[in-house]
Amino acid sequence: MKGPIIMIEDDLEDQEIMQEIFKELKLYNEIKFFKEGSAALQYLRSTREKPFLIISDVNLPGMSGIMLRDEILKDEYLKRKNIPFIFLSTSDGKSIIDKVYEQQVQGYFQKQTSYDAIKTQFKMIVEYWSHCIHP
């Protein structure tokens, strides 16, 4: 379970909640927050480290989460890193869900509204990927 967890979330309150949850879950991964897809993409292209996991909102200012995933799939360097990519969003329409799975994401989760539900959701996601063997 090495490498940072990349969180692309433009809502500062959601970022604060997520940080608190990660502390409570005693995750030792560094959490890197980005407010928009283009900043996350720039980081991913420039870093040599392999992030453990990317968790992105769908709706972001500028480059959306869907556009970010599309850029990652086009980039051979990033494709070879094979970083698990998960969407976490309030959007739950069939067309959005169909679109994100066309991009070979590893999961799509609707944001929970209560603190405990969010915590359970993150615990489940991180535990799954910490036990999953992937290149």
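I looked up Glu-16 and found that this residue is exposed, with a relative accessible area of 54% (exposed means over 50%, buried under 20%, partly exposed in between, with a 1.4 Å probe and protein chains only). The model is a predicted one, in which local features need pLDDT of at least 70 and side-chain atom pairs pLDDT 80 or more, while totals for chains, interfaces and linings use all residues. Residues are numbered from 1 along each chain as its sequence is written, and side-chain values use heavy atoms, without hydrogens and water.

I then located Glu-16 in helix H1, residues 12–24 (a helix is a DSSP run of H or I with at least four residues, numbered from the N terminus).

I noted that Asp-10, Asp-11, Glu-13 and Glu-16 form a negative surface patch (patch residues have over 30% relative accessible area and no salt bridge, with like charges joined within 9 Å; a salt bridge is a side-chain nitrogen of Lys or Arg within 4 Å of a carboxyl oxygen of Asp or Glu).

I searched the whole structure for aromatic pairs and recorded 5 (ring centres of Phe, Tyr or Trp, the last by its six-membered ring, lie within 6.5 Å; planes under 30 degrees apart are stacked, over 60 edge-to-face and the rest tilted). I examined Phe-22 and Phe-122, an edge-to-face pair with 5.0 Å centre to centre and 70° between the planes. This pair links distant parts of the chain, since Phe-22 lies in helix H1 and Phe-122 in helix H6 (residues 115–131), 100 residues apart. I found both Phe-22 and Phe-122 buried.

I also checked Phe-85 and Phe-87, whose ring centres are 5.0 Å apart with planes at 70°, so this pair is edge-to-face.

Notes. Patches are made of residues with over 30% relative accessible area and no salt bridge: like charges are joined within 9 Å, nonpolar side chains (Val, Leu, Ile, Met, Phe, Trp, Tyr) within 5 Å. Accessible areas come from the Shrake-Rupley method with a 1.4 Å probe; for residues, only the protein chains shown count as cover. Lys and Arg count as positive and Asp and Glu as negative; His and the chain ends are not counted. The place of a charge is taken as NZ of Lys, CZ of Arg, CG of Asp or CD of Glu. Helices (H or I, at least four residues) and strands (E, at least two) are DSSP runs, numbered from the N terminus.
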